[in-house]
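Have a look at it first, then read on.

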Amino acid sequence: MFEAVLLTVITAATPLLIAAIGELVVERSGVLNLGVEGMMIMGAVVGFAAANMTGSGTLGILAAILAGIAMAALFGFLVLILVANQVATGLALTILGIGFSGLIGEAFIGVPGLKLPQLYIPGLSDIPFIGPVLFQQDAIVYISFLLVAIVAYTLFRTRLGLVLRAVGDNHGSAHALGYSVIRIRFLAVLFGGACAGLAGAYLSLAYTPQWVENMTAGRGWIALALVVFSSWLPLRVVVGAYLFGAVNVLNLHAQAVEFDIPSQFLSSLPYLATILVLVLISANRRLTLVNTPACLGKPFVPDR
Amino acid sequence: MKTMLKATVAALALAAAGSAANAADVKACYIYVGPVGDFGWSYQHDQGRLAVEEHFGDKVETAYLESVPEGPDAERAIERFAREGCDIIFTTSFGYMNPTIKVAKKFPDVKFEHATGYKTADNVATYNSKFHQGRYIIGQIAAKQSETGVAGYIASFPIPEVVAGINAFLLGAQSVNPDFKLKVVWANTWFDPGKEADAAKALIDQGVDIISQHTDSTAPLQVAQERGMHGFGQASDMIKFAPEAQYTAIIDEWGPYYIERVQEVLDGTWESKSTWAGLKEGHVVMADYTNLPDDVVAMAKETEEKIKGGWEPFTGPITKQDGTVAAEDGVALDDGAILGMNWYVEGVDDKLPQ
């Protein structure tokens with residue numbers, strides 16, 4: 001029973017985790033990209049289409065990542081090169097993604113999809129309880145944890161991470177030191193796009209292997225909220241994504257076993273949990289300020 | 001890539017066709033709440049629109065607006081259609097009720113048709129289908145096929161139509177197995193494939209072996225297929241997504257109604273009325289019975305014929321969850337009682353959200 005719940009939680013949390021870890025890197029570089037939902041849904045449709053036409057899940061994933069990167073490149077060009085307003089551009093990116101994905105996906109409505117295979121490791125996968133939970137997931141679940149580890153290590157243990165955080169905290173100084181703020185931010189934005197695309201592919205290839213318009217159903221926005229929730233710390237994104245996934249899934253289980261609690265209240269629990277954690281985190285104001293990228297959302301135009 | 005280009009070209013061609021066919025006698029316009037690609041509610045309405053185009057050819061021109069939010073935007077969209085010379089406008093979601101009535105007052109010569117609502121006017125008709133008839137049949141199938149004696153039901157929102165669907169399903173199941181149990185999970189959404197899939201998984205983990213849904217995506221059926229369980233399609237035939245799991249599907253067939261009403265506009269005989277039709281009139285259609293033994297198919301078909309012959313699934317004895325009598329033996333509930341249903345029948349393993 002517990003094992004079954006845990007398995008469902010993992011599938012519910014993985015797309016949130018991937019999209020959020022990408023956006024975390026973007027925001028750490030000082031850019032606010034509200035277009036996660038749009039990049040995600042483009043990843044979902046392109047990943048589905050590519051997997052469907054080639055019959056290969058791997059190619060589907062790669063195509064989804066490329067689609068996310070392409071959307072992010074458009075965003076990067078607008079806000080970093082043309083210095084457009086980040087909030088407005090991000091919103092536009094979401095609207096564009098939802099509309100354009102519908103157009104591309106028209107041919108794939110009602111077409112059964114291809115489900116990513118679950119990895120099977122002889123020996124390990126057969127261990128009771130631990131086996132199915134830890135060693136029988138599809139590849140993207142493992143990639144999501146790998147991504148978190150890489151991002152956490154890079155941000156706080158490498159020079160690259162230091163530069164990225166410097167750009168996000170004080171772009172003026174970073175520029176004066178000779179770092180190319182625009183280039184670093186552009187790369188971070190592209191990374192965010194790749195992650196969002198991958199998260200989309202997880203939806204259309206593993207979570208619910210099909211394409212329907214609007215299938216992200218707001219998950220991109222939740223990923224955005226998770227970044228704030230985590231106060232820009234990678235490991236807390238994991239906690240947030242899994243907490244969110246768990247509360248959502250437990251709501252459904254609680255209803256099935258007939259807890260005498262109104263379902264509307266259970267449905268609102270994840271959001272109540274988010275508010276509660278935000279309150280708890282912001283109680284320690286100094287710590288929050290230390291982690292918030294000081295230049296988040298501020299445009300940068302080099303003097304020369 | 002090729003398919004993508006094709007889709008784009010098709011869309012452009014469609015737009016071109018729309019502007020070229022101005023010589024039509026009647027223009028029929030449609031407002032959808034979701035994208036036509038939802039493969040559920042709006043998709044089926046659009047199939048109805050396409051049936052109109054095919055039936056009348058050049059005589060009728062159609063147009064549609066998709067993903068129109070319920071509320072002030074809807075009023076603008078409806079008014080735009082009225083100004084553009086639409087002769088009949090179908091507004092296909094409950095939330096379009098007041099905007100439809102408001103715009104209809106300004107354009108007395110335009111005919112309006114509002115789906116699932118209850119407010120009519122001289123130029124506003126309403127229409128809906130008796131989906132609960134199909135739910136009674138799938139309830140019977142569930143009771144025959146279930147080994148655990150418990151089915152799961154993924155519900156959207158506690159509105160009368162959904163509640164009546166749950167009750168009809170359980171009444172059907174109890175007609176086969178009086179001890180049959182039903183677990184209800186409220187997803188509180190019409191459409192979220194991920195959440196619907198999670199709900200299906202939760203129900204299966206809790207011991208149900210049949211999944212029924214009143215949400216719009218194919219995700220629950222896919223989960224049933226994956227886990228070796230069974231279920232029923234919603235709104236459209238979803239057999240392609242679950243070739244081994246789908247027993248049948250309750251299909252919304254709007255085409256016949258749309259053709260009938262557009263024909264009446266052509267003939268000048270259109271009148272405001274409230275239509276609530278079901279299996280008999282072909283507005284609700286059962287998909288092919290698949291993955292079932294012959295005797296169960298025979299039973300389902302027999303019930304289908306009985307309902308087509310005018311029998312009402314909500315015929316007593318019906319006992320409410322609290323033990324009071326809803327209908328005496330042999331007495332059928334009237335339309336008003338079904339359309340306003342806000343109570344569970346005995347045996348539902350859930351408390352109705354109020």
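## A buried tryptophan

B:Trp254 counts as buried, with a relative accessibility of 2% (buried is under 20% relative accessible area, exposed over 50%, partly exposed in between, using a 1.4 Å probe and protein chains only). Its partner B:Phe131 sits edge-to-face with B:Trp254, because the ring centres are 6.2 Å apart and the planes stand at 80 degrees. For reference, rings of Phe, Tyr and Trp (its six-membered ring) pair if their centres lie within 6.5 Å; planes under 30 degrees apart are stacked, over 60 edge-to-face, and the rest tilted.

B:Phe131 belongs to helix H5 (residues 131-145) of chain B while B:Trp254 is in the loop between S10 and H9 of chain B, so this pair ties together parts 123 residues apart in sequence. Helices (H or I, at least four residues) and strands (E, at least two) are DSSP runs, numbered from the N terminus. B:Phe131 is buried too, at 8% relative accessibility.

## About the model

This is a predicted model: local features need pLDDT of at least 70, side-chain atom pairs count only at pLDDT 80 or more, and totals for chains, interfaces and linings use all residues. Residues are numbered from 1 along each chain as its sequence is written, chains are lettered from A and ligands numbered from 1 in the order written, and side-chain values use heavy atoms, leaving out hydrogens and water.

Over all chains, the structure holds 22 aromatic pairs. One of them is B:Tyr127 with B:Trp254, edge-to-face at 5.6 Å centre to centre and 80 degrees between the planes. Here B:Tyr127 comes from strand S5 (residues 124-129) of chain B, and the two residues are 127 apart. B:Tyr127 is buried as well, with a relative accessible area of 2%.

Ring pairs join a cluster that includes B:Tyr127, B:Phe131, B:Trp254, B:Tyr257 and B:Tyr258.

## Where A meets B

Now for the interface: 40 residues of chain A are in contact with 41 residues of chain B (contact means heavy atoms within 4.5 Å). The two chains bury about 3,400 Å² between them, 57% of it on carbon and sulfur atoms; buried area is the accessible area (1.4 Å probe) that two parts lose on being put together, summed over both. On the chain A side, A:Glu213, A:Leu252 and A:Glu258 lose the most area to chain B, together 16% of what that side buries.

There are 2 salt bridges between chain A and chain B (a side-chain nitrogen of Lys or Arg within 4 Å of a carboxyl oxygen of Asp or Glu). A:Arg219 and B:Asp192 form a salt bridge at 3.1 Å, N to O.
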